[in-house]
Amino acid sequence: MTAETAAPAAEFGRSRLRKEDARLITGQTNWTDNITLPGLVHMAFVRSPFAHARITSVDVSAARAMPGVIAAFSGVDFPEQGSLPCAWPVTPDIVMPPHPPMATEEVRYVGEAVAVVVARDRYAAADAVEAVQVEYEPLPPVLDMRTALDESSPKVHPQGNKCFEWVFGNGDIDAAFRDAPVVLERNYRQQRLIPSAMEPRAVVAAWVADEVTLWSATQIPHVLRFALAAFFAIPEQNIRVIAPDVGGGFGSKLQVTAEEVLAVLVAKRVGRPVKWTESRSEGNLTVHHGRDQWQRIRVAADHDGRLRGLSVDLLANMGAYLMLVTPGVPLLGAFMFNSIYKMDAYSFRCTGIFTTEVPTDAYRGAGRPEATFGIERTMDELASELGMDPMELRRRNWIKHEEFPFTTIAGLTYDSGNYEAATARAVELFGYHDLRAEQERRRASGDPVQLGIGISTFTEMCGLAPSRVLGSLSYGAGGWESASVRMLPTGKVEVVTGSSAHGQGHETAWSQIVAEKLGVPFEDIRVLHGDTQVSPKGMDTYGSRSLTVGGVALNGACDKVIAKAKVIASGMLEAPPEEIEFAHGVFSARGGSGKTSTIQEIALATFAAHNLPDGVEPSLDSEATYDPDNFSFPHGTHLCATEVDTETGEVSIRSYVAVDDVGRAVNPLIVEGQVHGGLAQGIAQALFEEAVYDDDGNLLTTTLADYLIPSAADLPSYITDRTETPATTNPLGVKGVGEAGTIASTPAVVNAILDAVRHLGVRDIPMPCTPERVWRAVQAARESGGAR
Amino acid sequence: MARITVTVDGVTYSDDVEPRLLLVHYLRERLGKTGTPIGCDTSNCGACTVQMDGASVKSCSVLAVQADGADITTIQGLAQDGEWHPLQRAFHEQHALQCGYCTPGMIMAAVDLLRTNPHPTEQEIREGLEGNLCRCTGYENIVRAVKSAAETGVTS
């Protein structure tokens, strides 16, 4: 070997096409619903048609007698079913009602499981569901958070409808508001959303003797394994959880579900492997929902726009029960309402409330979209009140580039950021000043189609999370991540990650990290994930944590491989270890013999182990677990131009510019894709999506015909760009990108709509801003006398 | 039970099926053609789109008995002699998929779109694919992929 190896192209920052695609575009994917096993039988659930009712009897005998039916059970048949876990008791006095996977006494939302049938195929199972007789005694539903705490309200649980109250603050909030020249209060509704991953949930459970394997369309195989062991008394060493190819999650598969637990229990009871796959309408009724808050926001400011104080009071709908992180979701927003702005004081209160609706839990952004919407809408309203350009108001209040690191009023230390640079780039791409001029012209001419400009200068906290911080917030687990690297004898590499991908592109990005660090070809690396037997340790994928925690763990594992290989190289190159250098996959002795050795040669020599230095273990394999010291803080400036037809209420997005700063990008192609998808979901909240219950607590949006996920025809083309301010708190300089688009875009769109019609006297339009709602708001403003 | 004869990805099958059996379940559970997934139960999402006698259909909205005598192509039969179809290549090159669940249906719908309109505008692509939902990509790169496949001239 000579030392004259050309430096390979840097892998970091390279838009590699994805390794994952080959199986996905050819139909060779392994979705959970594809799995077949000898003797496999199918489960189907009988679900409550009432929002709230006492179960007086369940009779499964007719179902059990049907041809092809193996078994049928009600909740009382499973005394061992226990209670589904909530890992986040946010206050010492939080009310945590029991949550049996199958209801036995009372049902508290439409869709709650009351019985299960097991049959030879899914058609026979569906038939048998119809034969189960359940008698109910209806009870009054609880559907409005705003009246749920009244004395006269019916109770969801015997303990009442209040789940918790969590307060937080910093600075003298009374002083900030006292004598403030400008005080503004706004009330916003975060509507209920259905996450709607394209792959419906599916589960397969199979026992062999005392060992169980659970395949599930889950984001969290490791957490699920722990939960089955800790809460359902199955010895942890006997549980294997596999997340095969998983078709999207967006938080909806960050859960320990009734169906997963029951699949395990039923499979044991019937002595055969069982499968359950939900239909979309069953999923809309039972997969946890997202958002659902009422926000009361008060802001105090000086005449020049300087923020003095911010006070936030939330009502957060828990739904009928607490699921894995239900109560914690709104609190992730507690640290984000202040966003990128400086202020003297901040106060936050959140009251969690039970209703007879599907439980809420994490949905893309989880707490941070709510906070960003609240503050960014409020900033626009304040600008209007002050007669100031909303961008100028933001500029006057945001943390300046030279002020980083900066500890915010909410107590987080933002390590890095450059709001000026991202905003300047966005303003340029958008043509901000030209659009403002056009807006003026169209206002002056009374054009029925008005132009509006919406701004969202956002940040978020990613990289969940420092374990110590999670502990201080009463969360039940840590926030570290694990990775290991195995050098195979032929010089190829196996990477094991605890971060469980479901569309994010880990196999590609992780290969790039290893190729960059170890200098091995991208193609020679295989990334393994999503199976607790293959990858025994992990905290899984959510909260934009994969790269910022899992990627950094992998970086650490690579460093350990290099350190071990250096010792072995020193023997081969006959130089002391401290004189061995490593670059681009090649070890060489500094200033010495000129001899070199590739990492692949070292891998083979380690495998043979014939001539290793004394006392050296014959292995390069390395594992690292990384627990972050701090969150990461991606940020960006999003600008949206909408055209609003004041005669029909129709809104169309004319242009959308997203400039994001996610730190260093390992793969810009994947980063851009994440932004695109995030934008679509955030825009969908602004314009299209809402889970609607009727007055009896029936979900009206059970299908994709009623719950309007946008199609390609409903969405605009996006202009995206990045600024790059590396994170200083991790060695890769990365910040996370999975949720940024969703967090930023909702207020950008709604601000743009309001900006188009504010001069007509409209001050708010509840989401989703459908043509009817926009039209009604414009009409109401006109009837009440128009502009103020 | 009804007897049907169907050609799927070049292989002819004869089977007795329940009259109510959906084509997608026949493909997935009787023939093992699991490359075609199911995303909804109201024919809104399009994940299960296949070609039936040269036109795209949502296989959750077709009974297996209605496919009697038909020639079906699924995503698993699209590549020829190990060579990806230009749309498969374009989806890969333009990063038009993330989780990949909608991808088989999206590609099969796009094949039909380009068959009927070989040189669509961006708006025609968006409207042509509005029966196929994607939750990951925001459609930007799907539109780019179809455009780029059209530019390289797809016939199928």
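Author: Helices here are DSSP runs of H or I with at least four residues, numbered from the N terminus. The model is predicted, so that local features need pLDDT of at least 70 and side-chain atom pairs pLDDT 80 or more, whereas totals for chains, interfaces and linings use all residues. Residues are numbered from 1 along each chain as its sequence is written, chains are lettered from A in the order in which they are written, and side-chain values use heavy atoms, leaving out hydrogens and water.

Reader: In which helix is B:Ile107 found, and why is B:Ile107 called buried or exposed?

Author: B:Ile107 belongs to helix H3 of chain B, residues 103-116. Buried means under 20% relative accessible area, exposed over 50% and partly exposed in between, with a 1.4 Å probe and protein chains only; B:Ile107 has 0% relative accessibility and therefore counts as buried.

Reader: Which residues is B:Ile107 in contact with, leaving aside its neighbours within four places in sequence?

Author: With contact taken as heavy atoms within 4.5 Å, the partners of B:Ile107 include A:Ile25 from chain A, and B:Leu78 and B:Phe91 from chain B.

Reader: What makes the pair A:Glu689 and B:Arg135 a salt bridge?

Author: The term requires a side-chain nitrogen of Lys or Arg within 4 Å of a carboxyl oxygen of Asp or Glu. The side chains of A:Glu689 and B:Arg135 meet at 2.6 Å, N to O, and form a salt bridge; the count between chain A and chain B is five salt bridges.

Reader: How many residues does the contact take from chain A and from chain B?

Author: Chain A gives 53 residues and chain B gives 46 residues to the contact.

Key:
Helix = DSSP H or I, 4+ residues; strand = E, 2+ residues; numbered from the N terminus.
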